[in-house]
Amino acid sequence: MNKLVPITLLVVILLGVLYVVLINRVLYVYIYSNNRFRFKLSDTGISQLEPSPQVIFVSSDFHLVAPDGMKYTQPSITQGRTDVVSVTPWLAPVVWEETFNEKLLDSIYMKKNISVVATVFAVGKYIMFLKDFLETAEQFFFVGFRVSIYVFTDRPNDVPHVKMAEGRQLNVLPVPSSNRWQEISARRMELIQKLIEEKLINKADYIFCLDVDSKFHGRWGTESLGGLVAVIHPGYYRDDRSRFPYERRPISRAFVAPGDGDFYYCGGAFGGLIQEVHQLAKTCRKNFEDDAKEGIEAAWQEESHLNRYMWTNKPSKILSPEYLWQDFKARNPEIKIIRFSGVVKNYAAIRPN
Ligand code: UD2
């Protein structure tokens, strides 16, 4: 009887060790085979086992390193803007003037040598807006950073010659014309998805998709970077959600039920990390096309699908209406700067239908 006790103890210890080893092994295989580590571990300063190289991609959105010796105004957590809300209930920042330090942010992202893409569509008569868009982007959009602008147009010969600074490029991609403005606007998701798949994956870090009938008037830079970035629509930001022009027919895949919805976001400006925008564009395109097969077009085309997507997939950064104002609107007191704004246009004169 007495001899049995140590033997039983030994067996229990051996089984325990075997159990721990097995659990570790299973966890290891699960973590790496499921692509759990989406950042370069060496960048974090945490020492870890080297994961196999095929599962790593570097995301510029993590690990913010400031340059040594940088001096700037002390930040406060008790004083700041009180006239606006600068964080969402899911704790995403809402970017307003005076909520960030642009020099600090620029120096952090400069060290990462990020590259930023902007897409813009100028189909049919909308080509007339391109010159101002490009010229003002040179003055205000990610100045000093690597920027590639992709212009989608059916009139490549009419693309204006705008002098681009060093490190900035203009790429022109031909697209077919269309007799329906709704189709031009909505097909943007498909073309953005393809652009990312064919040219941008693993080559650029961030992308912003912008309306061409707009101009930059103030800085739009590193403060706008994030995983999935949405811009609050200037027309509805003070309204109750019941007034948001979401798609309200349950038959559409863009349907947002009464009582749902956080904010109303713009179709004219959105962006984020390449991988995030790819997911957004792919989903919105599929939902738009599946609706079309059933003869449904959402109230505001891809803008409705984008709003539906972002109701479930919460943006990790939100840009205030400073980032897409409308020239015809008087500026409200909380808008201390207008960075990007839609020009006044005569729809009847410029749209194909
Ligand atoms: C809103 C959105 C727009 C889109 C649309 C619904 C904002 C500020 N704008 O604007 O992004 O969601 O509702 O479909 O949020 N385009 C051409 N040629 C055309 C027509 C359109 O190139 O003939 C392109 C162009 O880049 C333009 C964009 O599509 O900026 C959106 O079209 P819009 O400006 O006519 O749409 P709008 O003003 O209704």
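In the predicted model, the ligand is surrounded by 23 residues, and the closest are Phe121, Tyr126, Asp213, Glu302 and Tyr347; a residue counts as near a molecule if one of its heavy atoms lies within 4 Å of it. Residues are numbered from 1 along each chain as its sequence is written. Because the model is predicted, local features need pLDDT of at least 70 and side-chain atom pairs count only at pLDDT 80 or more, while totals for chains, interfaces and linings use all residues; side-chain values use heavy atoms, with hydrogens and water left out.

A backbone N or O atom of Phe121 lies 2.6 Å from an oxygen atom of the ligand. A polar backbone atom of Gly268 is 3.0 Å from a ligand oxygen atom, and a polar side-chain atom of Arg351 lies 3.0 Å from an oxygen atom of the ligand.

The protein chain contains 9 helices and 11 strands, taken as DSSP runs (H or I, at least four residues, for helices; E, at least two, for strands) and numbered from the N terminus. Of its 353 residues, 45% are buried, that is, under 20% relative accessible area with a 1.4 Å probe and protein chains only.

Phe121 belongs to strand β2 (residues 115–122), in which 8 of 8 residues are buried. In a regular strand the side chains alternate between the two faces of the sheet. In β2, Ser115, Val117, Thr119 and Phe121 point one way, whereas Val116, Ala118, Val120 and Ala122 point the other way. Strand β2 runs parallel to β3 (residues 146–153), to which 8 bridges join it; strands pair if DSSP finds at least two bridges between them. Ala118 has Ile149 of β3 as its bridge partner. Strand β2 is also joined to β5, in parallel, by 5 bridges, and Val117 stands opposite Ile207 in β5. Together with helix α4 (residues 130–140), β2 and β3 make a right-handed β-α-β unit: with the strands pointing away from the viewer, the path from the first strand over the helix to the second runs clockwise.

The buried residues of helix α7 (residues 274–293) include Ile274, Val277, His278, Leu280 and Ala281. An α-helix has 3.6 residues a turn, so residues three or four places apart point the same way. Elements covering the buried residues of α7 include α5, α6, β5, β8 and α8. Just after α7, Gly295 takes a positive phi of about 75 degrees.

Definitions and conventions:
Expected span 1.5 Å × (residues − 1). Buried < 20%, exposed > 50% of the residue type's maximum accessible area, 1.4 Å probe, protein only. Contact = heavy atoms within 4.5 Å. Polar contact = N/O pair within 3.5 Å; in protein donor to acceptor, adjacent residues only side chain to side chain.
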